[in-house]
Amino acid sequence: MKRFRAFVVKEFYHIFRDYRTLLILFGMPAVQLMLFGYVITNEIKDARIAIYDPSKDIVTRMISDKILSSGYFILERNLNNIAEIESAFRYGEVSLAIVFEPEFAKKMEKNGTAHLQIIGDASDPNTANILVNYASGIISNYLISINSEKVPYQIIPQARMMYNGELKGVYMFVPGLMAMLLMLISALMTSLAITREKELGTMELLLVSPLRPVQIIIGKVFPYVFLAFIDAIIILVLGNTVFHVPVLGSITLLLAESFLYICMALSLGILISTLTSSQQIAMMVSLVALMLPTILLSGFIFPVENMPWILQVFCYVMPPKYFITIIKSIMLQGNGLACVWQETLILLGFTLFFLMLSVKKFNIRLA
Amino acid sequence: MDPVAVSVKNLTLRYKTTLAIDDISFEVAGGELFGFIGPDGAGKTSLFRILTTLLVPTQGACQVEGLDVVKDYRQIRNICGYMPGKFSLYQDLTVEENLSFFATIFGTTIAENYDLIKDIYAQIEPFKKRKAGKLSGGMKQKLALSCALIHKPQILFLDEPTTGVDAVSRREFWEMLKRLRDGGITILVSTPYMDEAEKCDRVALMQAGKIMKINTPAEIIKDYPHALLSVRAGDVYPLMKELMKYPGTHRADTFGQSVHLSFKKGEIQPAELQKHLSTKGHTNVEIEEITASIEDCFMDLMTIN
Amino acid sequence: MAVSSENIIIVKDLVKKFGSFVANDHLTFEVRKGEIFGFLGANGAGKTTAIKILCGLWYPTSGELNVAGYNIYTQREKVKQNIGYMSQKFSLYDDLTVFENIRFYGGIYGLRKKEISERSKSLMERLDLSAARDKLIRDIPLGWKQKLAFSVAMLHNPKIVFLDEPTGGVDPITRRQFWNLIYEAAHGGTTVFVTTHYMDESEYCDRVSIMVDGRIAALDTPEKLKFQFNASTMDDVFIQLARGK
């Protein structure tokens with residue numbers, strides 16, 4: 001135990017004496033979160049829209065007012081005919097257009113259904129997607145409010161945002177960022193820490209000592225479990241205080257799942273370090289094999305459902321995908337373990353698999 | 001003689017296609033200061049890594065203090081101290097932190113074995129709060145030796161501890177090794193510097209994975225098969241070229257400002273050589289009969305093998 | 001000897017400071033054309049710093065320096081074009097073949113294709129390396145590597161060649177062959193500036209400077225130094241100087 005403590009203390013010295021490590025450990029989560037968060041909210045707050053309203057009746061005015069008073073949209077211009085939509089987009093004046101059909105209120109009254117179009121500027125698909133979702137969310141909110149008084153009406157299209165009621169983009173990014181950053185810190189940092197000892201030649205000395213390989217590995221990894229855990233908490237606290245991202249479900253469960261995910265990433269880091277001999281290669285492998293898939297294939301930025309089937313297959317072997325599903329479920333839906341036990345089991349399976357593989361690969365000798 | 005500390009029989013190590021160690025056998029007695037002398041690529045580092053259980057031999061049997069390097073590697077790791085060829089300490093930890101870390105992982109403390117390292121550590125103790133990466137070459141080497149000694153090993157493996165270290169630090173280092181040896185620790189040390197051979201009790205001269213000769217330095221020199229003259233005459237290169245052509249010459253090698261001329265006993269008469277060199281235009285010719293150095297022996301063995 | 005009276009390196013009051021640490025403390029010396037100049041000193045005495053400045057890699061803090069006829073402050077590129085450099089460690093690319101290495105170095109010094117092929121051919125013949133032309137550097141013995149690294153540093157016919165511990169770890173026979181190359185280069189008029197930890201090698205130098213704590217503590221021919229310090233070998237001279245600080 002004393003040996004183990006000495007080892008962990010030494011590891012903390014390494015970390016705290018290298019400002020670059022510290023910067024990656026604590027600076028990056030904060031900066032990334034702020035950056036993503038503000039970029040998303042700004043895009044939405046300043047969005048300029050055009051409205052074409054040939055009906056000009058009470059319902060279309062109510063809807064327009066709701067949209068414009070939401071704080072996300074500013075009315076750039078009222079359009080006089082359909083043809084103007086294109087020019088408004090072309091000159092970049094607006095990023096969203098709302099088009100009501102003629103005699104909107106009348107049709108709603110008579111048929112129970114009325115149509116409106118929400119047109120996004122798909123040259124920036126992510127923003128367009130978010131804006132369209134926001135607008136349709138506001139409209140459905142309006143619908144809910146009038147439906148309580150009278151017989152149900154329908155306005156088409158109807159895109160309801162169930163679990164992100166206030167339609168904040170940051171909500172979506174917090175789970176994604178958490179998956180990405182915990183992966184980066186845990187896997188990349190541990191693989192670097194272990195390969196650094198190989199490069200320095202100190203691994204030779206450690207191997208020649210009576211320490212067992214398991215002790216070496218756990219000693220190297222332990223500080224990072226701790227630090228990654230702190231990072232998870234930083235992200236959650238920042239998300240909650242700055243961007244008001246709620247945690248609807250159990251915090252204990254959320255932290256437990258984070259812990260499991262950290263362990264999974266660490267065992268992956270150990271595996272990488274046993275297979276590589278230099279920090280440079282470990283870095284390349286971590287970035288290419290872990291970071292890019294985490295960002296691109298985990299559903300963090302691009303929806304998995306829209307990918308070609310071959311990429312979807314890859315998505316299903318990406319541990320971050322499951323973690324994102326789990327924390328979204330706990331944070332935003334308030335679900336308990338009953339809803340996420342499958343994903344949890346999968347993560348556990350990944351962890352054990354990587355651990356077994358790396359213990360098997362970790363050599364008690366040099367070659 | 002003390003019992004055998006290290007015993008190696010028909011050891012071979014193959015990396016893919018290259019033979020790093022080619023069928024070597026030797027024994028080191030307890031309490032001996034044993035040197036492996038040879039250039040890079042002779043197989044010294046591979047040999048040390050096998051003996052410290054870091055590599056598994058391709059063939060052959062190796063025992064350290066009666067323990068097998070493959071089967072009993074855990075026990076060996078408890079009793080041996082190792083200083084790898086490259087400076088292998090934590091550069092971002094201080095002198096004291098490095099030492100106490102290595103003490104702790106071997107389950108001991110600095111205080112417990114302070115007597116053993118006092119001699120060496122006292123020289124760097126004034127800098128104990130300094131980061132190891134900021135030490136000079138000689139001080140790094142002393143720290144590395146202290147770390148290798150801190151758990152009171154029975155046997156010490158030092159892989160090229162003096163490479164790249166200046167002459168003063170080298171001399172001090174060998175004085176420290178002698179004192180440790182006198183304290184009863186068996187020491188195996190490797191070096192590419194031929195002149196360090198004389199500081200060992202016995203040496204193995206190594207070249208290309210083979211041991212060319214094992215003996216005490218004095219015996220190796222006694223076995224040198226040729227007669228040897230040291231010749232001086234101003235500029236060494238023209239002199240060496242001249243001597244190469246001289247009938248009866250076996251080898252002519254530069255040694256600083258003089259040339260060592262080896263030949264079969266009786267085949268060259270110094271007086272005649274002196275006359276010959278004068279007629280060839282060499283001035284201030286000085287010729288002296290000398291005994292061989294380890295370097296002479298090494299070069300001779302290289303040409304035989 | 002081919003040593004002329006012309007100075008090819010002139011150093012006057014060279015000072016290099018790193019913060020408050022003085023690595024080179026008012027160095028003043030000259031190196032003559034065609035000379036083998038030994039540059040010795042204990043670890044940390046400031047040798048490497050001085051060599052880096054002479055090669056135009058670092059600016060000095062102060063002092064006048066002229067290398068190969070060019071000012072080190074204003075004509076760095078000219079200096080670099082006229083010097084060759086070889087260190088024990090990073091001189092050749094392990095994963096390129098013998099010829100590819102030669103071609104690469106010829107290329108960066110602006111040699112024409114024809115010059116490269118001519119010079120590499122004669123170089124490989126001289127070093128007995130013709131058979132190994134297409135072998136990777138990592139597959140040839142260390143002794144060959146070092147000789148090749150030296151020849152590559154000489155490929156563009158520099159006026160001065162800097163050798164930083166060129167013979168570390170080499171067997172005694174190869175070491176002497178290497179010095180033979182150095183000697184021939186000097187004989188051909190190239191100035192050789194060399195550092196070594198082998199004290200016997202310092203005796204092959206025309207003149208030797210010994211640095212202690214950032215200053216030049218002694219500079220003369222090996223003969224005169226030994227006489228001055230009443231020592232039989234350069235080893236003794238070195239130790240007296242380094243210990244007597």
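Modeller: What follows is a description of that domain interface.

This is a predicted model, in which local features need pLDDT of at least 70 and side-chain atom pairs count only at pLDDT 80 or more, while totals for chains, interfaces and linings use all residues. Residues are numbered from 1 along each chain as its sequence is written, chains are lettered from A in the order in which they are written, and side-chain values use heavy atoms, without hydrogens and water.

Chain B is divided into domain 1 (4-216) and domain 2 (224-304), with bounds that come from an automatic or database domain assignment, and the C-alpha centres of these two domains lie 37 Å apart. Ten residues of domain 1 of chain B are in contact with five residues of domain 2 of chain B, where contact means heavy atoms within 4.5 Å.

The area buried between the two domains of chain B is about 710 Å², and carbon and sulfur atoms give 88% of it; buried area is the accessible area (1.4 Å probe) that two parts lose on being put together, summed over both. In domain 1 of chain B, the residues that lose the most area to domain 2 are Met194(B), Leu205(B) and Met212(B), together 66% of what that side buries.

Between domain 1 and domain 2 of chain B the count of salt bridges is zero, a salt bridge being a side-chain nitrogen of Lys or Arg within 4 Å of a carboxyl oxygen of Asp or Glu.
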